[in-house]
Structures are given as structure tokens and as C-alpha cells.
Amino acid sequence: MTAIKHALQRDIFTPNDERLLSIVNVCKAGKKKRNCFLCATVTTERPVQVNVVKVKKSDKGDFYKRQTAWALRDLAVVDAKDAIKENPEFDLHFDKVYKWVASSTVEKNTFISCIWKLNQRYLRKKIDFVNVSSQLLEESVPSGENQSVAGGDEEAVGEYQELNAREEQDIEIMMEGCEYAISNAEAFAEKLSRELQVLDGANIQSIMASEKQVNILMKLLDEALKEVDQIELKLSSYEEMLQSVKEQMDQISESNHLIHLSNTNNVKLLSEIEFLVNHMDLAKGHIKALQEGDLTSSRGIEACTNAADALLQCMNVALRPGHDMLHAVKQQQQRFSDLREQFARRLASHLNSVFVQQGHDQSSTLAQHSVELTLPNHHPFHRDLLRYAKLMEWLKNTDYGKYEGLTKNYMDYLSRLYEREIKDFFEVAKIKMTGTTREGKKFATLPRKESAVKQETESLHGSSGKLTGSTSSLNKLSVQSSGNRRSQSSSLLDMGNMSASDLDVADRTKFDKIFEQVLSELEPLCLAEQDFISKFFKLQQHQSISGTTTSEAEEMDGGTLSRLHTSGVPQTVSSEKDMIRQMMTKIFRCIEPELNNLIALGDKIDSFNSLYMLVKMSHHVWTAQNVDPASFLSTTLGNVLVTVKRNFDKCISNQMKQMDEVKISKKSKVGILPFVAEFEEFAALAESIFKNAERRGDLDKAYIKLIRAVFVSVEKVANESQKTPRDVVMMENFHHIFATLSRLKISCLEAEKKEAKQKYTDHLQSYVIYSLGQPLEKLNHFFEGVEARVAQGIREEEVSYQLAFNKQELRKVIKEYPGKEVKKGLDNLYKKVDKHLCEEENLLQVVWHSMQDEFIRQYKHFEGLIARCYPGSGITMEFTIQDILDYCSSIAQSH
């Protein structure tokens, strides 16, 4: 156990500055025996801490490791189980009860005794020792002898104390000086004793010598004290002599301090006066400019601007504490307030007069623009007003009420002016759009009564030039008896309706130019006015903000403006941006309805105009959004674009509806359906309009809807046709659609182009097979019987032995179809096909060539059956393939 104790001290506790006082080998009660050690330790540093440490042998080697430690102050009860009988079991009550079984009762008792002693020396706390023999618990000692008892306990508890490094070094030096120290300990001890006696003698002599030195030192100290007394006497005499001088110097110092304080006060007073004079004194020239300055000339405006800035600086000067209590300062501030109020009133009155004059002067110049599609230029007016921009900024910062009033008056006067100009401008645009319609050749060539033309023309305008009524560019289509498109168009016109295909390209181009000119005139007008408002009213224009759109803005009035600002508080960038947009909305409130009226007129004239308007409006919206996506122009054009897109969708829907409502004639052949030609016209027009357009996606979606509607309507007409075979209607119309899509090369309709080609091919083949039928009917029936016998299991070479299908029967059937009869049948077939097909699509030769190939295929089939079923019979048809080719060629040439 001693060896283990030394090993634990060396390996575990010495590195942690602890001393091991007691150890017991234990295992947990009631469990598999896994031995460990409980150790009682104290720290070597003060304050001393006493611990109970559980040490366990490592599973990976023969060394020990520290597992758990409990502070002795946390120990509540020590239960030895039995105070009389020897029992190795005991319990320690810390945070919970730990039950242990010691390897021997002696070790257990020694450990409990050590814990009792440590508690008595270091803790003095109430630890209950239960079932512990009284012999193990020593009597408590008095507190006065506590230290000595503790020292004895410590020596008793500790079996040895290690030497520190210095003690080891001294012993080594001593032993090196006496080589026989280990071999002859007694001689070494005698030598140490002799040396100790020598050191004692030296100490005594040193003490005696130091006494003499002390006496000498005391004498020197006495002499020094006498010298100090003499010096103090001299200093006292000097102090008495200087006392009168000190009083005089104090008087002089106090006088100098008062003089310095007076000078400092004078300098500060002068500084304050100079500050007030320099910062709160307005020059007479500025006062005169504010009171009487000319606000009409550039020089007078500049003088007033400088004076207003100087007044603002004087009013905004940061006064120092106490200045506002001076009567002169109050008086000057009141004077500045009166000047500001007087000048603000004079400036607001003058600018209001300028606004009124602008409205009257500008109205007189409208006559020169009444016949031209141009808007009056407001640049001179803006240029004149911008001279007052700095004064407006001054007014905004000093008297926001008058600034707000000017803003409202400007909007009121300019909104009326712009409304007159814009309405006149749009009236000119409407006249130019409808003039071609009224006077052009299109209506002149229509076979309608003059009253009908006049009635439709007048329906485009109300008494005040407003657009009334609505018509569609595409109306119900009717398939006429003739296959000629011209006769179809004439029939449609006789119905009293106007088709988009009847409008000249020149009319649409002219409309496109007029619409583009309208937008081109409006854009610079709005941008110039917005830029002027921003500069004149000193509002932020190019900051990115989040706010309501123009379509959501209400008409501005004084209340709206006052909600955007608080008195004396600068408005934020966001509210300034909103203010610009709302001012523009109030000034140009008529633009959006006028544009919508113009769009409605263009759509009434020709619904295909919506294509032009969609492209132009999209481009202008895109341009405006690149400049400022939240501007009035961008938002207004965006709202109008929604209307244009709605008209475009309506145009597509009307065409689809008219396809669905198409009626066919029961007495005439169908030919190319009108809506198929209409789709060709629409696609050609749209491709020319939407080339490199921003809204190409809208057109692609419309293409898909239209082409699917065309496909469905062609199927419907083909199913209802009585005069023309279904396959002919399908073949001709899908051939026309395929040709159109191939020529226009519309990428989004590639699938529909392939589908149209497939339908054309399928129905061509179907029509050929159906129309050709069985030109050699009896021969065909004969060989059908032959094929039936072969199918029943009769070998091909044995078919000729059948009574009904012998060689004689075959020769009889062949003789019934000489070359003349065959040619006659083909000629009748050609005439029949010619009656079915229309001239416009020119598919007669294609169909005839397909029929020729089908007839030759039947001929080859018959020859093959003859060769297999009647070998060596020498039976052949009375005409050859070359004869068939000659027949077909001569028939085609003769017609």
C-alpha cells in the first residue's frame, strides 16, 4: 500500500500541488468488484482546500488516473455501518449517498480517522460521524492550542516531506566538500559540529563589533540635529523679513488680476457685438431690393435673389445663449420677419400674374397649330420662369404656405392651358385619321349607297368630335358560290360590312405615321414639363423611391400638398417624387383619356390598327421606363398600353369568333376559305409590323390562337360542305396554309406548319384514292376473288384450275377494257376532278399526277397477279403503262 501511495503522490497529486494524507482501497457495494482508491488530500497553497478524490487504474495500462473529486465541505455524513463489530462497509453522503466496501477494516478506520482530523483542523463544520467507534474520534482540543495540535497532526499524518530544489542543492554542495560523508557519517557529523561552533563564535564577535558602530552613529545623529536647529532659526528670521514683501506682492497680483479680467470682458463683449453686427445686419441695398426690387428684369431678379439669400442667412444665424433676450436682437428679428413676409407676398403675387399671363398668351398661339399635327413649344415660358427658381427655393424654405399656394395655382392655370392645347392637337390627329377614310378611294369604290357611307362616316364623330359607336374590322364571312376571291369580296361588300382585307396598305401606313407623330409630340412635352417642375419647384426627380403609381394618384389640391409636408420640416425624397408625379397628373389629366379616344377611333377605323398601336406604344413605354420607370409619362403610357393590348386581344378574338360563325353555300364549291386568306393577310401584315418589336411574344400567342382556330374552322367547313368533297376542302386550304407559313417563316408556328403539310398530304392521298376508285371495276372484282382463293390456302399457280378463275374467264374480263375505254374513263375522271378543285390554289395537275401514279400502281398489281397465278399463259392487258402515261398527258393537254 505504501508503494501505491508513493506512486499516486508522484504521478497524480504532486503535479496538482496536493499532498496525499490517507488512502483506502474500495469497491462499490452490491456491484461487480472493480477496485479503486479513495484518497484524502490537501493543497499545498493557501487557503488550504481539502478534497476526497476517487482514483482508478486505467484500462489501457498500469497507470492511475483521477476520476472524481469531492470537496470535504460538501460531505454531510460518514456512516461506518457498525461501531462495535468489524465491518469493511461505509457510506459517504455528498450530493448523494456513495456506498463503499473497503479491502480491510483497518484501512477503513484509518481513512475515517484522517477525515475526522482534517475536518477538525481546516473546516470545523458539522459532519455527522454515524456508527463510528469513539476511539477513532479523538477529543477536540482547545482553540488556543489548535495550531500546535494541528502541527503535530500534520507531522503525524504526513510520513515524510520532500526537499525543495534549494535544499537539495545545498546538501549536494556540502557533501561534495566532504567526500567521506556517506562512508563515514560520524566524521562528517563531527566536521559539521566544528563548523557550527566556528559560525557561532563569528556571530558573537559580529554582534559585539556592531555595538561600537551603533554608538558612533548615535553621536553623528546628535550633531546633525544641532545643525538642523540652527538652520531653522535662520529660516524663521528670513520669513519675518519677507512677510512685508509678500503682502505687497499679493496686492499687486490682485490688481493685475482685476485688470486682466476687465480686458477679457471687454474683448468678449466686442466679439459678441461684432458677431451680432456681422451676422444680423442686412445691407441697405438688400433691403431696398426686397422692398422695391424689379421682378421682371434679369438684373432685378438677381438682386432680389441675392437679397433673399442674405435675409435667409440673417434669420437662420445660430444665436449664442442669451442673445435672444436682447431687445435689439428681438427688434432685428421682427424686422427680418416683416421683410420676409412682405417680399414673399410680393413674389407670390408676381408669379401668379406670370402664370395667368402665360395662359392667355399661349392660347393666342394655338391657331397656328390647328392645322398642323404639332404641339406648342413651352420652352420660352420655362426659360423665363427658371430665372425665379432660386427665389422659389427661398420661398419653399421660408414660407411654405405661399410656396404651396403657388404650386396649386400653377397646376390650375397650366392644366387648363394644356387641356386646350392637347384637345386641339388630338382633334387634328382625328381629322387626319378619318379624312382618308371619308375622302379616300376605298369608300368610293364600295358598291354601297352614298347615304350608307355618309352614315358610317358620321358615326365616327359626335357633335363635339368625340368618338362614338364601334365597328369591327372583320365581320361575319360567307363562302360564296364562285371560287373567285374577287367575287367573294364583292359579296361581302354587298352585305354592307367592311373586311380588313379591303383597306389599302397606304391607309394603314398613314395611320401608323399619325399615331407615331402623336406619341412623338407628347413625349418631349411631358418630359420638358416634368424637368421644369423639378427645377422650378426644387423637387427631387431622379431618386429611386417606392410609392404609388400615377394611375393611383388622385388630383392634387392644397390639402394633398399639405399632407406631403409639415410646416417648417423639409420634405423627404419620396414625398418630393410623389409630388412631381401628382403635379404631372393634375397638369396632364387629359392625356390618358384623349389617347384612349384616339385609340378607340383607330380601332374603329380598322381593327388591324391595333397591331401598329401595340408596337408603337410598347416601344415608347420601353423608352420611358428606361429614363424613369416611376415617371408620369412612363405610368400613363403603361396604362394606355393596357388598353391597346386589350384592343389587340379583342381583334384576335373577333377573328376567331367570325371563323366560328362562318356559313357555306350549298350550291357552289368552297375553294380557299375567306378566313384562311384573312389569316394570310393578318400574318403578312403582322410580320411587317412586329419586326424587331418589343412585344413579339404577344403576337406569337395570337398566332397560336388564330392558327388553331383556322384549323378547327377548316375542319368544320369541310364536314358541312355538300358541293365540294371534304378531302378537297381540307387539301386545298391546308395546302394554302402550309404555303403561307413556309413563305413567312414564323418560328413559333413550325409545329403547325408541319401539321398543315401532313393534313394536306393525307387528304390529297385520300381524295385520289376515293376519286380514282376502281377504273377497271370488273377486272378488280376478278382479282379480288383470286386473292380470296389464295388467302383460303390455294396455291397461286393452282388458281387457274378453279372454274370461275380459269384463263378463259380472265381473257373475257380483260377484253372488256380496251385502251379506248380506259382513256374515256380517265377523261371523265379528269373532268370530275376539275369541277371539284378551285383555280386559285392550282392543284389540278398535282392531283392528276397522283391519280396517274395510283392507276399505274393498280396496273402493276394486276400484272403481278397474272404472272404469279397464270404463269406461261401469255395473257396480258390490252394497254401498257406507257399507254396510261400517254392517256393522262393527252387528257391534261386537251383541257
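I began with Asp512, which counts as buried at 15% relative accessibility. I kept in mind that this is a predicted model.

I looked up its partner next. The side chains of Asp512 and Lys616 form a salt bridge, 3.9 Å from N to O. This pair ties together distant parts of the chain: Asp512 sits in helix α15 (residues 505–536) and Lys616 in helix α19 (residues 609–627), 104 residues apart. Lys616 is partly exposed, at 24% relative accessible area.

I stayed in helix α15 for another pair. Asp531 and Lys535 meet in a salt bridge at 3.1 Å, N to O. They are four residues apart in helix α15, so about one helical turn separates them. Asp531 is partly exposed at 29%, and Lys535 is partly exposed at 43%. I then noted a network: salt bridges with shared partners join Glu341, Arg345, Asp399 and Lys402.

I moved to helix α11 (residues 400–439), where Asp412 and Lys408 lie four residues apart. Their side chains form a salt bridge of 3.2 Å, N to O. Is Asp412 buried or exposed? Asp412 has a relative accessible area of 17%, and the cut-off for buried is under 20%, so Asp412 is buried. Lys408 is partly exposed at 30%. I recorded the count of salt bridges as 30.

Glu167, Glu168, Asp170, Glu172 and Glu176 form a negative patch. Asp170 belongs to helix α4 (residues 165–177) and is partly exposed at 41%.

My last entry is Gln9, in helix α1 (residues 2–13). Gln9 is buried at 11% relative accessibility. A polar atom of its side chain lies 3.0 Å from the backbone oxygen of Glu18.

Terms used
Residues numbered from 1 in each chain as written. Predicted model: local features only at pLDDT ≥ 70, side-chain atom pairs only at ≥ 80, totals over all residues. Heavy atoms only, no water. Helix = DSSP H or I, 4+ residues; strand = E, 2+ residues; numbered from the N terminus. Buried < 20%, exposed > 50% of the residue type's maximum accessible area, 1.4 Å probe, protein only. Polar contact = N/O pair within 3.5 Å; in protein donor to acceptor, adjacent residues only side chain to side chain. Patch = residues over 30% accessible without salt bridge, like charges linked within 9 Å, V, L, I, M, F, W, Y side chains within 5 Å. Areas by Shrake-Rupley, 256 points an atom, 1.4 Å probe, with all protein chains shown as cover. Salt bridge = Lys/Arg side-chain N within 4 Å of Asp/Glu carboxyl O. Lys, Arg positive; Asp, Glu negative; His and termini not counted. Charge placed at Lys NZ, Arg CZ, Asp CG, Glu CD.
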